[in-house]
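Dear colleague,

Please find below the structure that I am handing over to you.

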Amino acid sequence: MNRFNLSRLCRLSCLSISLLVAAGSIHGEDGTAPVAEPPAELGWTDAVILGLVEGITEYLPISSTGHLLITNEVLKLNSEVPMLDESGAPLMTPDGEAVTLKTAADAYAIVIQAGAILAVLFLYWSRVWQVILGVLGLSPNGRLLARNLIVAFLPAAVLGLLLDDWIESMLFAPLPIAIALIVGGFLMLAVESWRKHQLPDDDDIVDLHTLGVRQSLFIGFMQCIAMWPGTSRSMMTIVGGYVAGLRPTKAAEFSFLLGLITLTAAAGYKAVSSGPALFLAIDMGPLLLGIFVAFVSAALAVKWLVSYLTRHGLAIFAWYRFVLAGLVIFFLVR
């Protein structure tokens, strides 16, 4: 790894450590929560930190879900104790279920993806408009791109509904996240090495609308692997794009557009299914602030990632994942 990449790795690692330390400092200098009842709601500071983590990590191939779960651990937002209202009575959803800080934080982590969704809409509005025109029958290339995105989304739509409860019960923990970070890092190193020897000729470059149905479906199944927290939806779809013949910038662009559909569906589903718990635990102000922070940080991360992949590829993110996995194992695995 050359000096430039080592410098980049140090910066990424320092960013991760800084976020964890900043989060931990909220609850005391030693990172432990005070002995007290869980807070009545997610606070403004929690909203800013979670929005920042979501925005920075959503489209980078380092797993936003993994980072958010780790951040929840550090912020002590994983309490299963029922939350209390102002009168001291347990908060209850309309379905009669007790609201805990963990259920509210998990739902919040999904809903603030709206900020990342808006960032892609803002940066890629011309591509989105092309898809809309294609659906309306006014753009042949847009119609083909819309077809490819729908085909790529279908596996996650089906498997996500079938496996959601099992994944949350079995894989939403520090050790599975650390394992996914490590496995994903090795996968990126292997694919990056393969890609450098498999670049298509300039006359045979695959574009987003020229992908075939099988190639799009393959990328879709790769996205399903990212249901394992710590794997990274962005990583799996970019790697799938590589294998399908897309250049790095095109693979990233397809990943962003596919994420627009997938994240919208996931955020909408979570808002409907967990909305009562979320709005009992957090005021609208912190919720909107978290979404705004996620929007700004996601837009900056996307712009940086496209520029970086063009010049340097995925390898630096693999090494970052190894460092983060080590931190997770050392500090959070018990």
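Does Trp319 count as buried, exposed or partly exposed? Trp319 counts as partly exposed, at 36% relative accessibility, where buried means under 20% relative accessible area, exposed over 50% and partly exposed in between, with a 1.4 Å probe and protein chains only.

Please note that this is a predicted model, in which local features need pLDDT of at least 70 and side-chain atom pairs count only at pLDDT 80 or more, while totals for chains, interfaces and linings use all residues. Residues are numbered from 1 along each chain as its sequence is written, and side-chain values use heavy atoms, with hydrogens and water left out.

Aromatic rings

Rings of Phe, Tyr and Trp (its six-membered ring) pair if their centres lie within 6.5 Å; planes under 30 degrees apart count as stacked, over 60 as edge-to-face and the rest as tilted. By this rule the count comes to nine aromatic pairs. One of them joins Tyr308 and Phe317 edge-to-face, at 5.8 Å centre to centre and 75° between the planes. Tyr308 is buried, with a relative accessible area of 1%, and Phe317 is buried as well, at 0%. The ring centres of Trp319 and Phe322 are 5.5 Å apart and their planes stand at 80°, so this pair is edge-to-face. Both residues lie in helix H13 (residues 315-331), three residues apart, about one turn of the helix; helices (H or I, at least four residues) are DSSP runs, numbered from the N terminus. Tyr59, Tyr124 and Phe256 form one aromatic cluster.

Lys76 is found in the loop between H3 and H4 and is partly exposed, at 27% relative accessibility. Ser232 is found in the loop between helix H9 (213-225) and H10 and is buried, with a relative accessible area of 4%.

Largest pocket

A pocket is an open set of points on a 1 Å grid over the protein atoms alone, where a 1.4 Å probe fits, with protein on both sides within 12 Å along at least five of seven lines; lining residues have an atom within 4 Å of a point. The largest pocket is lined by 49 residues, of which Ile110, Asp164, Glu168, Phe172 and Lys270 lie nearest its centre. H11 supplies the largest share of this lining, 10 residues.

Yours sincerely

Methods
Helix = DSSP H or I, 4+ residues; strand = E, 2+ residues; numbered from the N terminus.
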